[in-house]
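Subject: Structure handover

Hello,

Please find the structure below. My notes on the sheet, the helix packing and the chain contact follow it.

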Amino acid sequence: MSLEAELKELIIEALMLEDVAIDDIDSDEPLFVEGLGLDSIDALELAMAIDKRYGVRIKADDEQNKQIFSNVRSLAEYVGQHRAA
Amino acid sequence: MSEAGDQSWKTRAELGSILGVRFVLWLTTAFGRAPARGFIRILAFYYTLFASSARRATRDFLSRIEGPPSFWRVYQQILRFSQVTLDSLFLVSGKLGHFEFDRTGSEHLERLRESKTGAILLGAHFGSMYAMRARSSTESLPLYAVVYTKHAARINAVLEEVSPESHAKLLQMGEGVDFMLRIKELVEEGAIVAILADRVGADGRAVEAEFFGERARFPAGPYILASMLKCPVYLTFGLYRDPKRYELFCEPFADQIVLPRKRREEALEEYAQRYASRLEHYVREAPDNWFNFYEFWGRPS
């Protein structure tokens with residue numbers, strides 16, 4: 001499974017989006033507000049799930065956070081670059 | 001009053017409050033607490049006369065507790081809010097000599113500090129959160145408070161001028177990831193983060209609980225956040241007693257918030273109900289400390 005697909009699965013699992021399937025999430029679709037409509041609590045939940053699964057810790061002071069969390073594609077890029085090989 | 005009318009009142013009120021706050025700040029610096037307290041009586045009277053929506057909400061609230069209030073009882077409510085806001089100027093700048101503090105349950109906070117355990121404190125727009133913070137800074141407790149700057153931006157700007165250092169311990173409520181990550185990191189480092197858990201925030205996640213005999217909406221966010229951080233939760237309220245006493249309360253709420261997947265909504269409602277019941281208990285002790293000047297039991301429009 002591609003990292004993008006894995007992350008979609010993680011999003012559905014961690015945020016309990018029972019009626020959403022992996023194929024329903026477009027990699028370029030915004031995660032927050034429009035698109036999937038996630039909020040800041042979801043973002044934290046997702047950040048913690050990513051930390052747990054990939055050992056990638058997203059820090060509060062990272063100026064790129066807005067960009068990293070903009071959609072699944074950018075999230076996958078970030079996780080791919082930072083996870084332990 | 002029409003919606004548009006209410007809006008324009010809000011703008012004027014904000015302008016009025018910034019002028020008022022600056023003037024009061026100047027008064028307190030130049031002359032001290034007593035003349036400033038005299039001046040805010042005039043401000044409070046003005047607001048009671050012209051802030052019709054705040055007046056209406058206060059009437060509704062007091063009617064539930066004490067029966068229909070007189071104009072002067074409504075005025076007293078608005079005056080208490082003004083007095084507590086004025087005192088926050090002294091409290092954030094560490095001028096504690098004006099006040100007397102009574103403390104119940106502060107051993108919980110001391111234990112957290114000694115064991116370097118991070119925790120969440122749930123408060124309300126009731127009495128003074130600044131009194132709790134002021135005491136904590138004299139005892140080097142790593143206490144942070146979440147503030148809703150959208151509503152309080154101007155007052156916060158003034159507080160920042162008064163005490164830039166203590167302002168660093170106010171966390172500005174944000175909508176993005178950073179705000180939540182920041183809270184997580186602080187709690188993991190052993191800090192104590194105070195959240196006001198009585199107003200439904202911008203995220204709109206809410207649960208209903210019985211409050212003074214009727215269902216009202218409370219935010220669900222604080223419990224969800226605490227469940228993720230797996231940290232202990234305490235309730236904290238600082239009751240203001242005219243003219244200069246603050247009664248600070250801290251009591252355990254939960255060792256850990258647990259939201260089982262299958263009954264998440266019910267669990268959230270149970271926590272919110274426990275919060276609402278304890279809040280009601282304290283509000284009965286000091287109804288004049290209730291500082292939610294909007295229709296608290298109102299439905300979202």
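Two strands pair if DSSP finds at least two bridges between them. Helices (H or I, at least four residues) and strands (E, at least two) are DSSP runs, numbered from the N terminus. On that basis, strand S8 (residues 233-241) of chain B and S9(B) pair in the antiparallel sense over nine bridges.

This is a predicted model: local features need pLDDT of at least 70, side-chain atom pairs count only at pLDDT 80 or more, and totals for chains, interfaces and linings use all residues. Residues are numbered from 1 along each chain as its sequence is written, while chains are lettered from A and ligands numbered from 1 in the order in which they are written.

The sheet in chain B

Elsewhere in chain B, strand S3 (residues 143-147) and strand S5 (residues 192-196) run parallel and are joined by three bridges. B:Leu143 has B:Ile192 in S5(B) as its bridge partner.

Helix packing in chain A

Helix H1 (residues 3-14) and helix H2 (residues 40-54) of chain A pack at an angle of about 125°, with their axes 10 Å apart. Axes are lines fitted to C-alpha atoms, for helices over the stretch in contact, and angles run from 0 to 180 degrees between N-to-C directions. H1(A) and H2(A) are therefore oblique to each other (under 35 degrees counts as roughly parallel, over 145 as roughly antiparallel, 65 to 115 as roughly perpendicular and the rest as oblique).

The contact involves A:Leu10, A:Ile11 and A:Ala14 of H1(A), and A:Glu45, A:Leu46, A:Ala49 and A:Arg53 of H2(A). Residues are in contact if their C-beta atoms, placed from the backbone, lie within 7 Å.

Between the chains

In chain A, 15 residues are in contact with 17 residues of chain B. H2(A) gives the largest share of the chain A side, seven residues.

Regards

Conventions:
Two residues are in contact if their C-beta atoms, placed from the backbone, lie within 7 Å.
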